[in-house]
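Dear colleague,

I am handing over the structure below, and after it I describe what was found there. Please read the notes with the model open beside you.

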Amino acid sequence: MKVTGDENKFTKEIKKKEGFKASRYNIISEDGIGNLLLVNTFAGSFTKFGFSMNGEVRNILKRPDEYSKLGGLFTELVTRGYIINSNVDEFRKAELLHQNTLSINSGLELILMPNEDCNFRCKYCYESFAKNFMTESVQQGIIKFLERNIHRYSSLHVSWFGGEPLTAIPIIERLSKKMIEICKEKRVPYSSSMTTNGYNLTLDVFEKMLECRVRKYQITLDGIECTHDKQRVQVDGKGSFKRILENLLNIKENINSKTFHIMIRSNITKNILDNIDEFINFLKDNFEDDYRFSSFWQAAGDWGGDSVREIEETFCSSKDYIQSLKDASKLGIKFNMYRDMMKPGGSVCYASKRNSYVIGSDGIIYKCTVAFDLDENQVGVLTENGVMQLDYDKYALWVSGHESSDLSCQKCYFRPSCQGASCPLERLKNNIAPCPDVKRSIKDYMKIISESEYSYEYIES
Ligand code: SF4
Ligand code: SF4
């Protein structure tokens, strides 16, 4: 293109719009003592400004052009994406982000079920336990698929899921060894995580899993012993709290590695809320002093299955425990996950991503890890020869649509984090994209996160 220096339609347009504006993806809140909390869901920034700067930050966000020559705080806001050039089309940028998040050219995420049976029978569990160990031919299929295809992806992340994955340790070890070898040979970064009930995660097993590069864990503790043992029962009906806690404390005290993280998930019911202060003190006494452990609370719900009928009258909503979350975070309990959910793509469910596949023990390929019996969720099959035979009609139900077919999503300040894809299963059932809980109470969650010094930047005058 010839550059003449003459004014044309394009340069005139830019000139007309030059200047600054506040990003439409800013969210403003305050903590209890007047510090200003600012999040930008596109840039992924979270900043706490000391209370003496509260008014000035608000003024700059309202009238950025008046402050643009002053540098200082104005520059800090620009650097973190809160103030942008007025000619930036943020809708277009959000659309590009969405395309990249779901892109076929990014990393591959495999959710593997080495055993679909479980040693627990939790009251809210939706699984049918009709199948068990992953067959030899499916294991072969996974390895052959990766040998042929891994070069097309920028990374491989394997999540071990079940049933209970730690009832199938030899399968995890065998597959991990091969997958790590393949990735090493093709120079593709490999990482791994696990959702486990924690019952079999003894020190010895934890060390084996570290060898398998499993570094991130989600383990459930549903309150203190009396409530946990009602919800998370073993197959023989016995409780499981003591053993899981013993495993967690052994890991905390004996493993020096700084490279793992355990998120303690709690499925909150009214029963847990009846003892919530005790549970908060329990979390504080045992895990508050170790940054390798964090917590995540979610209201227990009807995720399918019959046994849920026994506890459905105890269901509550997140509004019922938001104050307890604040109390817990004030005592130093870390809720990192809520912070992650506010980052770009942080509330997008893996089921909506093109490169994310759940592989069942019998080779059936799913998208969602909840509705295994739903026909639309059985999107294909992995053959022994490593070929993924996908039904693209079903597959498209999960990976297309989202924010692009929903006008309220396009205008939403939480769009970069959620992208209308926080739960494609719910969208499929109800024909509307559900807003994630963290967005519905965003200002409260910002306060909760602002209690943890690991989660934000602090700027004071
Ligand atoms: S589903 Fe809700 S939170 Fe998500 S982008 Fe749409 S409107 Fe925003
Ligand atoms: S689609 Fe919904 S139910 Fe399924 S895994 Fe994603 S968030 Fe969970």
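Helix 12 (residues 276–287) has 12 residues and spans 16 Å from its first C-alpha to its last, close to the 16 Å expected at 1.5 Å a residue, where the expected span is 1.5 Å times one less than the number of residues and helices (H or I, at least four residues) and strands (E, at least two) are DSSP runs numbered from the N terminus. This is a predicted model, in which local features need pLDDT of at least 70 and side-chain atom pairs count only at pLDDT 80 or more, while totals for chains, interfaces and linings use all residues. Residues are numbered from 1 along each chain as its sequence is written, and side-chain values use heavy atoms, with hydrogens and water left out.

In helix 12, Ile276, Phe279, Ile280, Phe282, Leu283, Asn286 and Phe287 are buried (under 20% relative accessible area, with exposed being over 50% and partly exposed in between, for a 1.4 Å probe and protein chains only). Seen down the axis, these buried residues fall within an arc of 160°, so they line one face of helix 12, the arc being that of the directions from the helix axis to the C-beta atoms. The face turned away from that side carries the exposed residues Asp277 and Asp285.

The count of salt bridges (a side-chain nitrogen of Lys or Arg within 4 Å of a carboxyl oxygen of Asp or Glu) comes to 20. One of them joins Glu30 and Arg58 at 2.9 Å, N to O; Glu30 lies in strand 2 and Arg58 in helix 2, so the pair ties together parts that are 28 residues apart in sequence.

Best wishes

Technical notes. Chains are lettered from A and ligands numbered from 1 in the order in which they are written.
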